[in-house]
Amino acid sequence: MAAPRSWVLWSFCCRGRSRLLPGCRLPGLRSSWPRGPLGARPLSQEKRATETHFGFETVSEEEKGGKVYQVFESVAKKYDVMNDMMSLGIHRVWKDLLLWKMRPFPGTQLLDVAGGTGDIAFRFLNYVQAQHQRKEKRQLRAQQNLSWEEIAKKYQNEEDSLGGSHVMVCDINKEMLKIGKQKARAQGYKAGLAWVLGDAEELPFDDDKFDVYTIAFGIRNVTHIDRALQEAHRVLKPGGRFLCLEFSQVNNPLVSRLYDVYSFQVIPVLGEVIAGDWKSYQYLVESIRQFPSQEEFKEMIEDAGFQKVTYENLTSGIVAIHSGFKL
Ligand SMILES: COc1cc(O)cc(C/C=C(\C)CC/C=C(\C)CC/C=C(\C)CC/C=C(\C)CC/C=C(\C)CC/C=C(\C)CC/C=C(\C)CC/C=C(\C)CC/C=C(\C)CCC=C(C)C)c1O
Ligand SMILES: C[S@@+](CC[C@H](N)C(=O)[O-])C[C@H]1O[C@@H](n2cnc3c(N)ncnc32)[C@H](O)[C@@H]1O
């Protein structure tokens, strides 16, 4: 499917927390929240003025979103270089493993929530393109009587080079998306890719729309994780898959010790030296400590309605990939 250019423009036109402006209705995008009998949101979706955490700080739920926004607005320009420096490139391997776990098939419709600067989306496009090219080559070799023109056409059709696969990157932060779009242009990603400004807790998409939902290093930042999980379940097609890559609990005591020292003594220093931003990187390490364990998060995913929920620890549980299906 072609990437609808209007969605890209739309992402910059619709501002504010509920980015759906009156009359702003595009195919596949959600027009409004389902309303209760009195026109109010369903009770489960109502916001209660309770407290939550922003790293180790206790803040009101209303405050948290704004603080998280500021963090990613501040780090956006240095985000990619910081990740390579902090992890010595290991985050790339974790993201590759997420794709290998997904094993997208030709035509897969992916929604990458909290997609930021596009790392998962670009990996997805590389993966489906490579897979599609292998298939096309096999088919071309099997056909004897093709003209050169027919062969050349197969190689030149950019849209078709993805076998109909498409990725929608959705993120709440304009600055992160801006960097992502710049990267996409610079690296030549165009077909099969769209960017939408949106909140994981109120996704601007219709029900049953995507084959796969991914969220990498994103869900930790969301105020109501349960709502984000319910939204993931809603937008997935029956049979669709939820995949989450997130920091988790380290299961090796020695690694855990080193990890703690590294996290609290080194990462904020790197944040200050490279990005001029100690506080955002202090938030990063604190928010990792506040995130539920592998088993607790698995239960939350099940509570949102997902089935066959499993997880796999990577690098001694520094991160884990959780998987679930909408059945
Ligand atoms: C604001 O929010 C955010 C901002 C962001 O930029 C990113 C995110 C989301 C995160 C990602 C997209 C992933 C990428 C980010 C990370 C991987 C950062 C988190 C990284 C860790 C928590 C590091 C993992 C560390 C360990 C396993 C501990 C092992 C540590 C060592 C062997 C080094 C120990 C060092 C000391 C005790 C201090 C002395 C060392 C120095 C002064 C030199 C500095 C050392 C290094 C740069 C080496 C780093 C080594 C590793 C990363 C080794 C990896 C470990 C294993 C393979 C076991 C976001 O939300
Ligand atoms: C650590 S980055 C991860 C980016 C990318 N997925 C990656 O793996 O590199 C976290 C992202 O989550 C986004 N985010 C935070 N809260 C969000 C929310 N409620 N809805 C959508 N995105 C959110 C931030 O704007 C940021 O881009």
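## Helices and strands

The protein has eleven helices and nine strands, taken as DSSP runs numbered from the N terminus (H or I with at least four residues for helices, E with at least two for strands). This is a predicted model, where local features need pLDDT of at least 70, side-chain atom pairs count only at pLDDT 80 or more, and totals for chains, interfaces and linings use all residues. Residues are numbered from 1 along each chain as its sequence is written.

Of the 327 residues, 49% are buried (under 20% relative accessible area; exposed is over 50% and partly exposed in between, with a 1.4 Å probe and protein chains only).

## Where H8 meets H11

Helix H8 (residues 225-235) and helix H11 (residues 294-303) have axes that come within 9 Å and cross at roughly 50°. Axes here are lines fitted to C-alpha atoms over the stretch in contact, with angles from 0 to 180 degrees between N-to-C directions. The two helices are therefore oblique to each other, a label for angles that are not under 35 degrees (roughly parallel), over 145 (roughly antiparallel) or 65 to 115 (roughly perpendicular).

So who does the touching? From H8 come Ile225, Asp226 and Leu229, and from H11 come Phe297, Met300 and Ile301, with contact meaning heavy atoms within 4.5 Å.

## Two loop residues with positive phi

Asp208 isn't a glycine, yet its phi is positive, at about 55°. Look for Asp208 in the loop between strand E5 (193-197) and strand E6 (210-216). With 41% relative accessibility, Asp208 counts as partly exposed.

Thr315, also a residue other than glycine, has a positive phi near 50°. Thr315 sits in the loop between strand E8 (307-314) and strand E9 (319-325), and is partly exposed at 39% relative accessible area.

Methods. Chains are lettered from A and ligands numbered from 1 in the order in which they are written. Side-chain values use heavy atoms; hydrogens and water are left out.
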